[in-house]
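Welcome! Take a moment to look over the sequence and turn the 3D view around before reading on.

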Amino acid sequence: MNYGITEQDIDHINAKLHKQKEFLRNFVLEINGKEFSLLTNTPSANINPQKYFSECNNRVNALFTHANTLGFVPVFLTITLPSEFHPSSTSYNEADPRQGAKHLSHLWREFLDRDIFRRMQKKTGKKMIYFRTYEPHKSGVPHLHAMIFLPKNYVLPVKRVFEKNFGNVQKQYKYT
């Protein structure tokens, strides 16, 4: 069993995905004399992972390119939930991953609401650029990864704000 998901659950989900994929593959539309299956026009990560992966890569590359043209530098951040969200903790409150993701979103919004970002925008006329994602630990508890892009002279002030909000971040903060 993997975080409450049994082998039967996995088999059921895989069978359902297989049926959905076959339906989309066999549902063909004719547009201007050309035939298209719905599968080739579905952006879902589960139904058409190659297309989804390509789209994600394209978006990330576009953000990197745009940030580079502005002279911004990338900074990688990780935010981990407090111990009460982790089952191995003595203060564990049996929070589910959705509660953890909501709490991470709250922490992220609080971080973005810091004065340093308003001052940066006022002084440079540019907003910070970022993308973020959640990733589960083996226990299912999520943590947040973010790639932010900033003017180089704002990296250390933002690092200080990040440390103030999230504690010692030697392993969580990396200037690249």
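Which elements do the buried residues of α3 pack against? They pack against β3 (72-80), α4 (115-124), β4 (129-136), β5 (142-151) and α5 (155-166). Keep in mind that this is a predicted model.

**Helix α3**

- Helix α3 covers residues 97-112, and at 1.5 Å a residue its 16 residues should span 22 Å. The C-alpha atoms at its ends are 22 Å apart, which agrees with that expectation.
- The buried residues of α3 are Gly100, Leu104, Ser105, Leu107, Trp108 and Phe111. They cover an arc of only 165° around the axis, so they sit on the same side of α3.
- Now turn to the other side of α3: here Arg98, Lys102 and Arg109 are exposed.

**Strand β5 and its partners**

- Ten of the ten residues of β5 are buried, so this strand is largely enclosed by the rest of the structure.
- β5 pairs with β3 in the antiparallel sense, over nine bridges. In this pairing, Phe76 stands opposite Met147 in β5.
- β5 also runs antiparallel to β4, and eight bridges join the two. Here you can find Tyr134 opposite Leu144 in β5.
- β4 and β5 form a hairpin with five residues between them. Look in the turn for Gly140, which has a positive phi of about 95°.

**Aromatic rings**

- The structure holds eight aromatic pairs. One of them is formed by Phe64 and Phe131, a tilted pair with 6.5 Å from centre to centre and 55° between the planes.
- Phe64 lies in helix α2 (residues 49-69) and Phe131 in strand β4, so this pair ties together parts that are 67 residues apart in sequence.
- Phe64 counts as partly exposed because its relative accessibility is 33%. Phe131 also counts as partly exposed, at 27% relative accessibility.
- Phe64 pairs with Phe149 too: the ring centres are 4.8 Å apart and the planes lie at 85°, so the pair is edge-to-face. This pair links distant parts of the chain, with Phe64 in helix α2 and Phe149 in strand β5, 85 residues apart.
- Phe149 has 1% relative accessibility, so it counts as buried.
- Finally, Trp108, Phe111, Phe117, Tyr130, Phe162 and Phe166 form one aromatic cluster. Trp108 and Phe111 are among the buried residues of α3.

Note on methods: Residues numbered from 1 in each chain as written. Predicted model: local features only at pLDDT ≥ 70, side-chain atom pairs only at ≥ 80, totals over all residues. Heavy atoms only, no water. Helix = DSSP H or I, 4+ residues; strand = E, 2+ residues; numbered from the N terminus. Expected span 1.5 Å × (residues − 1). Buried < 20%, exposed > 50% of the residue type's maximum accessible area, 1.4 Å probe, protein only. Arc of directions from axis to C-beta. Contact = heavy atoms within 4.5 Å. Pairing = 2+ DSSP bridges. Phe/Tyr/Trp six-rings, centres within 6.5 Å; stacked < 30°, edge-to-face > 60°.
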